[in-house]
Every structure is written in C-alpha cells, then in structure tokens.
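Please look over the sequence and the structure below.

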Amino acid sequence: MKNIVVLISGNGSNLQAIIDACEQKKINGTIRAVFSNKADAFGLERAREANIPAHSLEAAQFASREAFDRQLMQEIDAWAPDVVVLAGYMRILSPAFVAHYSERLLNIHPSLLPKYPGLHTHRQVLENGDEEHGTSVHFVTDELDGGPVILQAKVPVFEGDSEDDVTARVQAQEHTIYPLVVSWFIDGRLKMRDNAAWLDGIRLPPQGYAADE
C-alpha cells in the first residue's frame, strides 16, 4: 500500500475528497499523516475524524522559511511518503523542499493555468469578465503554480455570479479530479520527467490530459 502525506492550511475540503476516495478504494493508498501550518485549520479535524495523524507547525516558531521547511521535511519523511499532496497549502515552498520531493509533489490550483497563478483567482476571473474558469492539478516546481499541468476541469462563469458561486462550482470539480490524479500517481500511471507530465507513457500536452484540441 502506497503512502500519502497531505499538507493543508484551511478547511481541507480537497483533503476530505481524498480521504473518501481512499476509504472507497478509489485510491490504492493510505493517507499516513496530515500537516498544517495553521493549528486551527479545520482540515486537521477532518484528519482526526478519519483516524489519521494530524500535525501542525507554526511558522512563528522558526527563524526562516528554510528552517521551517527543514523541520517539516523531517516530520513528513518519518511517514515514508510515496507522494506529497498539497491541498490548499498556502505557504510558498523553499527550493530545498521542492527539490527533496521532486517528481512526487502534487498541487491543485483554482484556475486554468497558466492563467491566474497566485491568489484571488476567482476575483480576477469576475473582474475580467471571463466566461470560463476552472482548476488545474499539476506537479510542483520552483516556479509558483508553474509546474507541468496534469489535468484541468473547466466551469462556466455566469453573469451575476458572486465569488462564492464561482468558488463552489470550481471546488465541486476539484473534489473529482484531485483524487483521480492521486490515484493515477499511486498506481504508477502518472510520472513527471523532462519537466513534463506523462500518463501511461504518453507525454501530456501543456493543458494536461484530455485538453481541447
């Protein structure tokens, strides 16, 4: 059984989707531990409810980002992860952390990358009058939200939508595609090499699997 470690900062709805997929045997792996940089993150409660070890590290306890990440790596490695999954983890990772988990570090970002890296994606979509939005699962590299895209899901944006409307629509898709991508990785179907994502030995295009031609 492959080992999964999940990093969160908040509510943990994507964590819950992955927990559910593991319990339903849709992911052939086990979440060994959940870590958060916020002690009050609700996602830690979700982990405890599922009898998964839940840990928090507060940045204020450390002199630098590098020191924080060194401690986090040490604690993650105690669980021998095959994959480290970022599920709403809101800290920028140090290059040493990214290098340490190179090719086994996944993230989900609420936009159709490369559009709208960084924060407040739903707000930007509404301000720019976009008619289409979505979410992207990608491998993590040193470039912020810039690693190879694995899978995207698109959602419509309607006139009169609020940020909450758009957020809910995007999250519904996230809860489907993130567990799927984790299962691909756990099953050995998904790999990163040559700074690209590969599924079943086929190099995926820049927009990921099943992109529109």
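Why does His 109 count as buried? His 109 counts as buried because its relative accessibility is 4%, where buried means under 20% relative accessible area with a 1.4 Å probe and protein chains only. This is a predicted model, in which local features need pLDDT of at least 70, side-chain atom pairs count only at pLDDT 80 or more, and totals for chains, interfaces and linings use all residues. Residues are numbered from 1 along each chain as its sequence is written, and side-chain values use heavy atoms, with hydrogens and water left out.

**His 109**
- UniProt, in an unreviewed entry, lists His 109 under "active site"; such annotations may be inferred rather than shown by experiment.
- His 109 belongs to strand S5, residues 105-109 (a DSSP run of E, at least two residues).
- Residues in contact with His 109 include Thr 135, His 138, Asp 145 and Glu 174 (contact means heavy atoms within 4.5 Å).
- A polar atom of the His 109 side chain lies 2.7 Å from the backbone oxygen of Tyr 116.

**Largest pocket**
- The largest pocket holds about 980 Å³ of space.
- Its lining has 36 residues, and Gly 88, Tyr 89, Met 90, Ile 108 and Pro 110 are the closest to its centre (lining residues have an atom within 4 Å of a pocket point on a 1 Å grid).
- S5 and helix H6 (163-186) are among the elements that each supply at least two lining residues, and H6 gives the largest share, four residues.

**Second largest pocket**
- The second largest pocket holds about 260 Å³ of space.
- Among its 18 lining residues, Gly 146, Gly 147, Pro 148, Val 149 and Pro 206 lie nearest its centre.

Conventions. Buried < 20%, exposed > 50% of the residue type's maximum accessible area, 1.4 Å probe, protein only. Polar contact = N/O pair within 3.5 Å; in protein donor to acceptor, adjacent residues only side chain to side chain. 1 Å grid on protein atoms, 1.4 Å probe; cavity = no way out; pocket = protein on both sides within 12 Å on 5 of 7 lines; lining within 4 Å. Points joined across faces, edges and corners; volume = space filled by probe spheres on them. Lists of a residue's contacts leave out its neighbours within four places in sequence.
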